[in-house]
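Trainee: I have a new structure to read. Can you walk me through it?
Mentor: Gladly. Let us look together.

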Amino acid sequence: MSDLFAFSTVDSWEQDAFRLTTAGILTVVVLIVALLAFAVILQPKEIRSRAFTTKQLVFSALAIALATVTSMLKLFEMPLGGSITLFSMLFLVLIGYWYGPKAGLMTGFAYGLLQFLLDPIFYSIPQMIVDYPLAFGALGISGLFFQKKHGLLIGYIAGISARFVFAWLSGVLFFADYAEGSGMSAPIYSMVYNGSYIFTEGIFTLVLISIPPVAKALAQVKKLAAEN
């Protein structure tokens, strides 16, 4: 791996890893900006106007900021990574719920890279891609249901399930060694480990957004966010 973008180091468990250099961090920042731009460009021409573009950027930026802040408010943290947060996945799902799957996926990818920048250590490029842009980008699948009845509930379940698939895949492909001594195979261990925090937060969030006043408020926010 080029020393221009990353250098060898060790993680908090004294394992061999890589950390981004300044040039690597700047490259990821450029990718984040490009993904947010694509989220707007990919909107249908009939709804894309200067006012709508500005509104989408503002609402998406606010949602990403809230997701980032709430991701740091951890109700429970797993010993090897992953945590139950204060509804952070909901804010990413909302972008797909407001603007559809293309915007949801692009901003999810961008958020995943932003999460990576908060602690830019990785073990291999494939591992980084699966754990960050793909896993968090998958939350944007919620946008497939943005015009459906109960679209937020269905989209949220679909989004966190898609994130779980990538988290499970990462556990099987890159962290199978952690299953040793657990009495479980790597696929089962990864399923139990990653499902425990993703779906626990998911249940809490589904209860929250099913409360009538909350559901009504979120519907009003969508109307405001998606109004052209």
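**Reading the chain**

Mentor: Start with the surface. This is a predicted model. The chain has an accessible surface of about 11700 Å², and 71% of that belongs to carbon and sulfur atoms.

Trainee: How many of the residues count as buried, as a percentage of the 228?

Mentor: The buried share is 43%.

Trainee: What secondary structure does the chain have?

Mentor: Eight helices and five strands. Along the sequence they follow the pattern β-β-α-α-β-β-α-α-β-α-α-α-α. The radius of gyration is 18 Å, close to the 17 Å from the globule rule for 228 residues, so the chain is as compact as a globular protein of that length.

Trainee: In what order do the strands of the open sheet stand?

Mentor: First, the general idea. Strands of a sheet pair through backbone hydrogen bonds, either parallel or antiparallel. Here three strands stand in the order E1-E2-E5, with antiparallel pairing. E1 (6-10) and E5 (121-122) are at the edges with a single partner strand each, so one side of each lacks a neighbour in the sheet. Two bridges join E2 (residues 16-20) to E5. Phe 18 sits opposite Phe 122 in E5.

Trainee: Now helices. Which residues of H8 are buried?

Mentor: An α-helix has 3.6 residues a turn, so residues three or four places apart point the same way. In H8 (residues 212-226), the buried ones are Leu 218, Lys 222 and Ala 225. They cover an arc of only 70° around the axis, which puts them on the same side of H8.

Trainee: Which exposed residues does the face turned away from the buried side carry?

Mentor: Pro 212, Pro 213, Lys 216 and Lys 223.

Notes: Residues are numbered from 1 along each chain as its sequence is written. This is a predicted model: local features need pLDDT of at least 70, side-chain atom pairs count only at pLDDT 80 or more; totals for chains, interfaces and linings use all residues. Side-chain values use heavy atoms; hydrogens and water are left out. Two strands pair if DSSP finds at least two bridges between them. Helices (H or I, at least four residues) and strands (E, at least two) are DSSP runs, numbered from the N terminus. Buried means under 20% relative accessible area, exposed over 50%, partly exposed in between (1.4 Å probe, protein chains only). The arc is that of the directions from the helix axis to the C-beta atoms. The radius of gyration is taken over C-alpha atoms; the globule rule is 2.2 Å times the number of residues to the power 0.38. Accessible areas come from the Shrake-Rupley method with a 1.4 Å probe; for residues, only the protein chains shown count as cover.
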